[in-house]
Amino acid sequence: MFDEKYFVKHAIYNSSSYDDELNKRIKDSKKLFQEDRLKQLVASSKIPEKVEVTTHRFIRNANVIVEVLNRANGICENCKSEAPFLRSKDKTPYLEVHHIKKLADGGEDTVENALAVCPNCHRQLHFG
């Protein structure tokens, strides 16, 4: 049986290893009969355990973000639909800047390597 506490405390070195393990547990849960899954739910803690994780972030070039969003002019550069909503803070169309070649894979933080995309397309580009 998977010992989640051990895993959380000893094996989270990056978010992808945790995501891989969570996806495995989801797959295993889908194989259970609903009755068994519901029994496990009753027995499980309602408050998830927390763990502190150290991560690296890229210091993005604000000029790239602004230029890509200006180029898109409120239209997703992937699906060509209007931005799904306006930002509450400044009423600008909400699009996210996506790097075609991931920064983590050596991609450049440039206008040429970026697209302005709606949140659905952004998720699809990463996980679809």
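**Notebook: salt bridges, core and a pocket**

I started with Glu35, which pairs with Lys39 in a salt bridge whose closest N and O atoms are 3.5 Å apart. My cut-off for a salt bridge is a side-chain nitrogen of Lys or Arg within 4 Å of a carboxyl oxygen of Asp or Glu. Glu35 and Lys39 sit four residues apart in helix α3 (residues 34-43), so about one helical turn separates them. I checked accessibility too: Glu35 counts as exposed at 52%, and Lys39 counts as exposed at 51%. The scale I use calls a residue buried under 20% relative accessible area, exposed over 50% and partly exposed in between (1.4 Å probe, protein chains only).

A note on the source: this is a predicted model, where local features need pLDDT of at least 70, side-chain atom pairs count only at pLDDT 80 or more, and totals for chains, interfaces and linings use all residues. Residues are numbered from 1 along each chain as its sequence is written, and side-chain values use heavy atoms, with hydrogens and water left out.

**Other salt bridges**

How many salt bridges does the rule give? I get four. One of them joins Lys24 and Asp28, with the closest N and O atoms 3.0 Å apart. This pair is four residues apart in helix α2, so again about one helical turn lies between Lys24 and Asp28. Lys24 is partly exposed at 44% relative accessibility, and Asp28 is partly exposed at 30%.

Next I looked at Arg60, which forms a salt bridge with Asp109, the closest N and O atoms being 3.5 Å apart. Arg60 is in the loop between α3 and α4 (62-72) and Asp109 in the loop between β1 and β2 (114-117), so the pair ties together parts 49 residues apart in sequence. Arg60 comes out partly exposed at 32%, and Asp109 is partly exposed at 22%.

**Overall layout**

I count five helices and two strands, in the order α-α-α-α-β-β-α along the sequence. Helices here are DSSP runs of H or I with at least four residues, strands are runs of E with at least two, and both are numbered from the N terminus. Of the 128 residues, 20% count as buried. Among contacts with a separation of 6 or more, 45% are between residues 24 or more positions apart; contact means heavy atoms within 4.5 Å.

**Core**

Which residues make up the largest nonpolar core? I find 12: Val64, Val68, Ala72, Cys76, Ala83, Leu95, Val97, Ala114, Ala116, Val117, Cys118 and Cys121. The elements giving two or more residues to this core are α4 and β2. A core here is a set of buried Ala, Val, Leu, Ile, Met, Phe, Trp, Tyr and Cys residues joined through side-chain atoms within 4.5 Å. I then took Cys118: leaving aside neighbours within four places in sequence, Cys118 contacts Cys76, Cys79, Pro84 and Leu95.

**Second largest pocket**

I looked up the lining of the second largest pocket and got 20 residues, with His56, Phe58, Lys102, Ala104 and His126 nearest its centre. A pocket is an open set of points on a 1 Å grid over the protein atoms alone, where a 1.4 Å probe fits, with protein on both sides within 12 Å along at least five of seven lines; lining residues have an atom within 4 Å of a point. α2 (15-31), β1 (96-99) and α5 (119-127) each supply at least two lining residues, and α5 gives the most, with five.
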